[in-house]
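I opened the model to look up a few things and kept notes as I went. The entries follow in the order I made them.

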Amino acid sequence: MLNILIDCDKSFIPKAYYVFETFFTYYKAKIKFYYKFEDIDNNEKTLIYSNKKIPIVENKKYIFFFQSEETIEFFIKNKKITKDQISDLDSLNPMFKCKKRENSEKFDLIASIFYFLSAWQEKDNIIYENKGRFLAKDSIQYAAGKLEVPLVDIWFEILAKKILTLGIKLNKVNQLYDKRNILNLSHDIDFVYESHTKLFHLTKKKLYNIIKNKKNTNLPSYSIYRFLSYKQKKILDILYRLTFEKGFSSTFNIMMEYNSFDLKAVYRLCKIVDGSNSEIGIHPTVADLKDSNFDNLINKFKEKYKVRNIYGMRIHELAFSPDRLYNKLDSTDGILYDNSMMFHDLPGFRTSFSLPHKFFCKNKNTSLNVLSIPIFSMDTSFTKYMHLNEKETEESIDKIVQENINKGGITSILIHNNFFYSRTKHRINLYKKWINQIFESEGSIVSTRDLFFWHNKLNKSFSNQLK
Ligand SMILES: [Zn+2]
């Protein structure tokens, strides 16, 4: 058994607990929480997070993280991360240090992990760009060159190793379905039918390039799918069928409103997906969310699309402030997870963690029940925001899939249905290749709901063992 003593600055107690809860959800051990040193009445080994002097026991049966005054001040006064802290991150070290004491660890893993998991850097909710989105380029992960490195995953491993040196039995949980590599695949259906206005503008731009002899290779290519609406509708079937055939599942996120042609195609998709192992998610816009009663919105959605169960959502265009969004979701019964935690402008980890985790509400200083399932990247990041051409975009997504197969772990990516309206044959073959490769590597493609259920079970077993 391991005692966890949380005796740090009072305002930080819920934060530290949140970090330990997230950690012990994925690393199983028999633990017991204490909040005062005097209350510990057993002889068990202890993990301490405190800003107070701890009476020293002779044969080091503890790990001690001493919370420094500077760290406490940082969070209370909402200070900014310094250049020195960023260079610590650059070498994969936690940016908060413990107060130098004989028996304390050097780095404050707890505060450093909390900073990322809670998206603390977005606390001020500064409007960074026209849609109010937080940019990867403004994050400290980016400044440290660690956007694609899940620092929290790495620091959890370090914490686990330290606990193991105490001789505690600690087991990292198996991934979903005991698979080594898992790809969480979701599709946002923003529209089905590409309007002729769009085609007209595309043609205009292409003509301009020819006349002016410009080599703008970033424009989408023509495809028969761009001209024929029934072909566009077919893409939805193909995406569903290809994953289904291998016994895999995925998530289709559906908006509140479509034009009448799209609506027909979306109804059909919902009918096929609902009740299957794949999932329908809700894909509201910021305007939809302004609706004061979110429960009504969910009911309206279920009624409209005749979908029996909704588990999660992703917000359209990712224009949200995490604290506000999660607070709203937490007060509704209908939504159990959110799948919006990603950067739209670059691939990477917004909370520097690759796994689902509860969200911590900074204003209320407490963790919420709604689950945040992070996404690594999406097709439009490469085209719309990084301005890569079509081939480069395909290569970028392919690289993410290959890395998941080679390194293992869980990777979440989002591919819009209209990604397949360019170079359609090639892209469908690419999609088939990914599915086959994952199948052959004995990995799995899962829906976001599958990840939710997995985390839910792990978190329940965390709570149960505390009883
Ligand atoms: Zn969207």
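**Entry 1: ground rules.** I noted that this is a predicted model, in which local features need pLDDT of at least 70, side-chain atom pairs count only at pLDDT 80 or more, and totals for chains, interfaces and linings use all residues. Residues are numbered from 1 along each chain as its sequence is written.

**Entry 2: domains.** I looked up how the protein is divided, and found domain 1 (2–172) and domain 2 (176–460); such bounds come from an automatic or database domain assignment. Taken over C-alpha atoms, the domain centres are 32 Å apart. I then looked at the contacts: 28 residues of domain 1 touch 27 residues of domain 2, where contact means that two C-beta atoms, placed from the backbone, lie within 7 Å. On the side of domain 1 that touches domain 2, the elements giving two or more residues are α1, α4 (109–117) and α6 (151–165). Of these, α1 gives the largest share, six residues. Helices (H or I, at least four residues) and strands (E, at least two) are DSSP runs, numbered from the N terminus.

**Entry 3: a four-stranded sheet.** I traced an open sheet with the order β3-β1-β4-β5 and parallel pairing; two strands pair if DSSP finds at least two bridges between them. Which strands stand at the edges? They are β3 (31–34) and β5 (62–66); each has a single partner strand, so one side of each has no neighbour in the sheet. From one strand to the next the twist averages 15 degrees. Helix α1 (residues 13–26) lies across β1, β3 and β4 (45–50), at about 155 degrees to β1. Axes are lines fitted to C-alpha atoms, for helices over the stretch in contact, and angles run from 0 to 180 degrees between N-to-C directions.

**Entry 4: strand β8.** I looked at β8 (residues 251–254), where T251 and N253 point one way, F252 and I254 point the other way, and all are buried. A residue is buried if 20 or more other C-beta atoms lie within 10 Å of its own, exposed if 12 or fewer, and partly exposed in between, with C-beta atoms placed from the backbone. Four bridges join β8 to β7 in parallel, and H187 has F252 as its bridge partner. Four bridges also join β8 to β9 (residues 279–282), again in parallel; there I254 is partnered by I282.

**Entry 5: helix α16.** I looked up α16 (residues 424–440), which has 17 residues and spans 24 Å from first C-alpha to last, close to the 24 Å expected at 1.5 Å a residue. The expected span is 1.5 Å times one less than the number of residues. Its buried residues are T424, R427, Y431, W434, I435 and I438. They lie on the same side of α16, because they cover an arc of only 95 degrees around the axis; the arc is that of the directions from the helix axis to the C-beta atoms. On the other side, K425, N429, K433, N436 and E440 are exposed. The buried residues pack against β7 (181–189), α8 (224–227), α9 (229–245), α15 and β16 (444–446).

**Entry 6: positive phi.** Most residues other than glycine have a negative phi. I found K306 with phi near 55 degrees, in the loop between α12 (294–305) and β10 (312–313). Is K306 buried or exposed? K306 counts as exposed because it has 10 C-beta neighbours inside 10 Å. E442, which follows α16, also has a positive phi, near 60 degrees.
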